[in-house]
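Here's a quick tour for anyone meeting this structure for the first time. Have a look at it below, then read on.

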Amino acid sequence: MKKLFFIAVVASLTFVVGCEREIIPGKIYDTPSVEFYEESMTLSAEGGDVIIPVLSTGVDNVTIQLSSGDRWVIEENGDKTPKDSWIKFVKVIDQYDVPTRALARWDSGISLYVEPNTTGYERTATISVSSFMVSSSIKISQSAE
């Protein structure tokens, strides 16, 4: 009898865990997510406007982290002065569909402007995007002329 009771409890727990939970009527419980379609991207030395596709539950924040050599101008005495960034965040492009989930997922785009690379060396940056408390990053490289 105890074995039968144990099997019944395990079966009912399996059923409860396997079911999707509705928080808002007609919407499936969901978790935040954000992901790039690629891990890295290489841009040409000419620069220009770039759109990076992102699949997310909504883009909340975008940050750009430059490689150390591109962040500072180091003077003869060792003082550091910030450089103007060679890559600039322009806007988030959202494409809204009628959502069927509690947190909609849609294709978005991060629009950037990249200045031409006349430095003679490859430049790199890391773009991070967050959706709620989740974030993802992509490495951007720009070749030299």
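Residues count as buried under 20% relative accessible area, exposed over 50% and partly exposed in between (1.4 Å probe, protein chains only). Keep in mind that this is a predicted model, where local features need pLDDT of at least 70, side-chain atom pairs count only at pLDDT 80 or more, and totals for chains, interfaces and linings use all residues. Residues are numbered from 1 along each chain as its sequence is written, and side-chain values use heavy atoms, with hydrogens and water left out.

Let's begin with one salt bridge, the number that the structure holds. The term stands for a side-chain nitrogen of Lys or Arg within 4 Å of a carboxyl oxygen of Asp or Glu. Here the partners are E115 and K88, with their closest N and O atoms 2.9 Å apart. This pair ties together distant parts of the chain, 27 residues apart: K88 sits in strand β7 (residues 87-94), and E115 in the loop between β8 (106-114) and β9. Strands are DSSP runs (E, at least two residues), numbered from the N terminus.

How accessible are E115, K88 and T57? Here are the values:

| Residue | Relative accessible area | Class |
|---|---|---|
| E115 | 30% | partly exposed |
| K88 | 35% | partly exposed |
| T57 | 6% | buried |

T57 lies in the loop between β3 and β4. Its side chain makes a polar contact with the side chain of S131, at 2.6 Å. Such a contact is a pair of N or O atoms within 3.5 Å; within protein, one must be able to donate a hydrogen and the other to accept it, and residues adjacent in sequence count only if both atoms are side-chain atoms.

Now for the sheet. Four strands make an open sheet in the order β2-β10-β9-β4, with mixed pairing. β2 (40-43) and β4 (61-66) are at the edges with a single partner strand each, so one side of each has no neighbour in the sheet. Two strands pair if DSSP finds at least two bridges between them. Strands β9 (residues 123-131) and β10 (residues 134-142) run antiparallel and are joined by nine bridges. One of the residues involved is A125, whose bridge partner in β10 is I140.

I140 also turns up in the largest nonpolar core: of its 20 residues, I52, I87, I110, I127, V129 and I140 touch the most other members. Such a core is a set of buried Ala, Val, Leu, Ile, Met, Phe, Trp, Tyr and Cys residues joined through side-chain atoms within 4.5 Å.
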